[in-house]
Amino acid sequence: MNVLSSTLRLLLLVLLIASGVSVQAEEQERVPAGALWMLKLDGTVGPSTADYLVRGLEQAAGSGAAAVMLRINTPGGLDSSMRDMVAAVLASPIPVICHVAPGGARAASAGTFLLYSCHIAAMAPATNLGAATPVSIGAPLTPAPGGESPKPEAGGDAPGDDKQAAPASKSAMERKVTNDAVAYIRSLAELRGRNADWAEKAVREGASLSAARALEMGVIDLVAADTEALLTALRDKHIKIGSREISLDLVTAPRVVHNPDWRSEFLAVITNPNVAYVLMLIGLYGLIFEFSNPGFGLPGILGATCLLVALYAFQILPISYAGLGLMLLGVGLIAAEVMMPSFGVFGVGGLIAFVVGSIMLMDTEIPAYQVAMPVIVALSVMTGVLLFVILSMAMRAHRRPRVFGAESVINQCATIERVSADQVMARLEGELWSVRCTDPLVVGDRVRVRALDGLTLVVDKLED
């Protein structure tokens with residue numbers, strides 16, 4: 001149901017793109033200068049959230065906003081998306097205020113890096129941050145503070161204790177990844193004047209802090225229960241951005257709630273691994289059907305569109321190209337079984353390759369960016385059933401008695417299509433035959449073949 005609803009949302013978003021663009025342009029024209037833009041990061045850090053934040057900061061700066069407030073509640077996410085967001089915050093010409101809220105929220109893993117990059121870092125009571133240890137997902141690895149295939153992931157609560165682990169238990173590349181992550185978060189801490197030693201501990205040991213302890217240790221600037229309390233506490237606070245010093249007085253500033261637009265929603269749908277997985281299969285099977293029945297058009301158009309959208313999603317998701325290759329090989333073998341039956345050799349081999357490739361497809365340990373096993377099982381079973389039906393049909397055709405020559409038309413029924421003075425023609429199996437009958441015939445009569453005399457059918461007229 002989740003995949004179906006996501007697919008329906010995707011179609012709806014495509015239909016509303018034009019109207020969404022015009023509405024967004026009109027709303028941007030009505031935004032007052034000197035406003036406080038309110039953005040929200042709620043959920044896993046990924047391509048759609050990065051696109052939402054990066055463009056939100058650009059639009060806020062372009063509209064003359066006084067500041068941006070980013071409310072965070074995230075378990076972490078993809079390294080590439082997190083780095084794009086941090087880079088956008090560091091390049092922002094206006095202050096970015098991070099607030100981990102409401103109570104019970106967290107800024108874990110990639111969220112910790114993002115919080116450290118903001119000009120002001122605040123947390124609500126009963127919130128936490130930390131657990132930023134890189135999660136190794138396999139070799140070869142490249143340095144990163146979180147993970148993007150084939151890097152480690154900055155996803156979810158991933159505690160680890162590098163100091164307690166034996167040095168021999170960690171590969172040189174894993175140590176290189178961890179050291180790179182430490183250097184990255186320490187540079188952010190030093191830039192904003194926050195506790196760099198604890199930031200290193202969050203990466204090396206997966207340490208976490210409550211809001212009160214974070215304030216006590218100099219990790220954040222203040223604790224505020226809600227937006228009003230935060231803005232009041234920030235009154236007349238000075239922030240230096242580049243060579244400018246800005247005084248914050250945002251209590252009476254007009255507020256603009258900037259929600260994700262159609263583009264961010266579209267990215268959120270297609271970068272859902274389950275949706276991208278289903279779109280790829282629809283695309284492949286649509287093209288196979290089109291090539292096996294050329295001239296129909298709709299399956300080919302739909303298949304090509306779905307396949308291109310899926311490939312776009314895969315290029316920004318942490319996928320395993322080995323898994324993708326196995327899936328394509330499996331679908332190709334199944335298609336070969338359909339077009340030229342090999343009595344199961346291609347089909348069974350293709351099904352095995354398809355299942356193994358599907359399991360390997362998403363090269364990450366973040367649950368939000370893995371293909372759900374029920375989806376893999378359901379599509380594999382459906383493909384297996386289709387393959388079984390094709391093999392059954394092939395076996396029945398193989399065991400069917402072969403009929404050649406004159407015997408193949410005996411007792412077949414035909415329809416009279418042409419009657420002239422010297423010739424009567426009937427259509428049988430797509431071809432016109434001369435017929436001879438003892439009864440008078442007219443166009444439209446149904447006849448049954450009784451014998452074959454050369455190239456002339458000897459027929460009996462059938463009663464209506």
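A: The largest cavity has a volume of about 40 Å³. A cavity here is a set of points on a 1 Å grid, laid over the protein atoms alone, where a 1.4 Å probe fits but cannot get out. Grid points are joined across faces, edges and corners, and the volume is the space filled by probe spheres set on the points. The model is a predicted one, in which local features need pLDDT of at least 70 and side-chain atom pairs count only at pLDDT 80 or more, while totals for chains, interfaces and linings use all residues. Residues are numbered from 1 along each chain as its sequence is written, and side-chain values use heavy atoms, with hydrogens and water left out.

With a threshold of 30 Å³ or more, the structure holds 1 cavity. Its lining consists of Tyr-52, Arg-55, Gly-56, Gln-59, His-258, Asn-259, Pro-260, Asp-261 and Ser-264, where a lining residue has an atom within 4 Å of a point. Helix H3, residues 47-62, gives the most to this lining, with 4 residues. Helices (H or I, at least four residues) and strands (E, at least two) are DSSP runs, numbered from the N terminus. Sorted by class, the lining has 2 nonpolar, 5 polar and 2 charged residues. Ala, Val, Leu, Ile, Met, Phe, Trp, Tyr, Cys and Pro count as nonpolar, Asp, Glu, Lys and Arg as charged, and the others, Gly among them, as polar.

Helix H3 also gives two or more residues to the lining of the largest pocket. A pocket differs from a cavity in being an open set of points, with protein on both sides within 12 Å along at least five of seven lines. About 430 Å³ of space lies in the largest pocket. Of its 19 lining residues, Asp-42, Thr-44, Ser-48, Thr-49 and Ala-268 are the closest to the centre. Besides H3, the elements that give two or more residues are strand E1 (36-42) and helix H10 (262-270). The pocket lining has 7 nonpolar, 8 polar and 4 charged residues.

Strand E1 also contains Trp-37. At 2% relative accessibility, Trp-37 counts as buried, the cut-offs being under 20% relative accessible area for buried, over 50% for exposed and in between for partly exposed (1.4 Å probe, protein chains only). Trp-37 and Ala-253 are 216 residues apart along the chain, with a C-alpha separation of 9.7 Å.

For context, the protein as a whole has 15 helices and 18 strands, and 47% of its 464 residues count as buried. Of the contacts with a separation of 6 or more, 67% join residues 24 or more positions apart, a contact meaning heavy atoms within 4.5 Å. Thr-383 in helix H15 is one case: Thr-383 touches Tyr-285, Ile-334, Leu-351 and Phe-354, leaving out residues up to four places away in sequence. Leu-351 is 32 residues from Thr-383 in sequence and 7.5 Å from it, C-alpha to C-alpha. Thr-383 counts as buried because its relative accessibility is 3%.

Some backbone details remain. Most residues other than glycine have a negative phi, and most peptide bonds are trans. The bond from Ala-101 to Pro-102 is cis, with omega near -5°, and Pro-102 lies in the loop between strand E4 (96-100) and strand E5 (106-108). Ser-109 has a positive phi, near 50°, and is found in the loop between E5 and helix H5 (110-117). Phi is also positive at Asn-411, near 70°, in the loop between helix H15 (373-399) and strand E14 (413-419). Ser-109 is buried, at 0% relative accessibility, whereas Asn-411 is exposed, at 51% relative accessible area.

The structure holds 0 disulfides, a disulfide being a pair of cysteine sulfur atoms within 2.5 Å. The cysteine sulfur closest to that of Cys-118 belongs to Cys-98 and is 4.4 Å away, too far for a bond.
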